[in-house]
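Reader: I would like to go through a structure with you. Could you start with the helices and then turn to the charged pairs?

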Amino acid sequence: MDKLYHYLEKLPETERLDAVREIESHIVEGAANGEPEGVILARLGDPRKLARAYRSERLIGSVSMRSFKDVMTLVGFYCTAGLLSVMVVPVLAVLAYGFGFCSVLIFLAGVIRTFGVTWINMSIAPGMEVPTLWSMAVAIPVGAIVGGIAYISWRGLRKYLTSLSDRYRAVLPVKSMQSKMRPM
């Protein structure tokens, strides 16, 4: 029984206990009918295979419990979230990491240019070059603005992925299926 309980570790605790109780009841019932315990255990087989069969039966039973509404809700979720994610995730990721990298480069360029490297160009507008001594003063706010865009994009990406995960958990009818499933 301990081995069976261990091999059912992927199941929720209540289902593990139900499975062990069911097997124990089979053993008790067989013993009450005069069968030797060794014969009963041999008929049940290896605890690992028994646990695998129990998990498979549970999975098959849970799939068949889905209503048409549940299936259509999942299909709708996958279609909308999948198509939207193909556009949203790459755009936000590129914005977050691209702008983040650029903000670091802007700060570095401001520092390097401040110390007299003239091959780095900094312009406010066409024909309006930033003086070398003012390079750091211009790089800090520009880098902060670009870094802010990166941060906002990164937060948006995290928020989108979190909400997507929450919606998936809400759409997935696991809890309702577990309450409908009978213990084995």
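This is a predicted model: local features need pLDDT of at least 70, side-chain atom pairs count only at pLDDT 80 or more; totals for chains, interfaces and linings use all residues.

Author: Helix 5, residues 68-114, has 47 residues and reaches 67 Å from its first C-alpha to its last, close to the 69 Å expected at 1.5 Å a residue.

Reader: Where is the kink in helix 5 centred?

Author: The kink is centred on S85 and amounts to about 35°. S85 is also one of the buried residues of helix 5, which include L74, F77, A81 and L92.

Reader: What do those buried residues pack against?

Author: They pack against strand 2 (128-129) and helix 6 (135-171).

Reader: And what follows helix 5?

Author: G116 follows, with a positive phi near 100°.

Reader: Changing topic: how many salt bridges are there?

Author: The count comes to four. One of them joins the side chains of E129 and R113, at 3.0 Å from N to O. E129 lies in strand 2 and R113 in helix 5, so this pair ties together parts that are 16 residues apart in sequence.

Reader: Is R113 buried or exposed?

Author: R113 is buried, with a relative accessible area of 4%, whereas E129 is partly exposed at 43%.

Reader: Which residue does D18 meet in a salt bridge?

Author: D18 meets R21, at 3.1 Å from N to O. The two are three residues apart in helix 2 (residues 13-32), so about one helical turn separates them. D18 is partly exposed at 24% relative accessibility, and R21 is partly exposed at 47%.

Reader: What about R43?

Author: The side chain of R43 meets that of E35 in a salt bridge of 2.7 Å, N to O. R43 is exposed at 53%, while E35 is partly exposed at 27%.

Notes:
Residues are numbered from 1 along each chain as its sequence is written. Side-chain values use heavy atoms; hydrogens and water are left out. Helices (H or I, at least four residues) and strands (E, at least two) are DSSP runs, numbered from the N terminus. The expected span of a helix is 1.5 Å times one less than its number of residues. The bend at a residue is the angle between axes fitted to the seven residues ending there and the seven starting there. Buried means under 20% relative accessible area, exposed over 50%, partly exposed in between (1.4 Å probe, protein chains only). Contact means heavy atoms within 4.5 Å.
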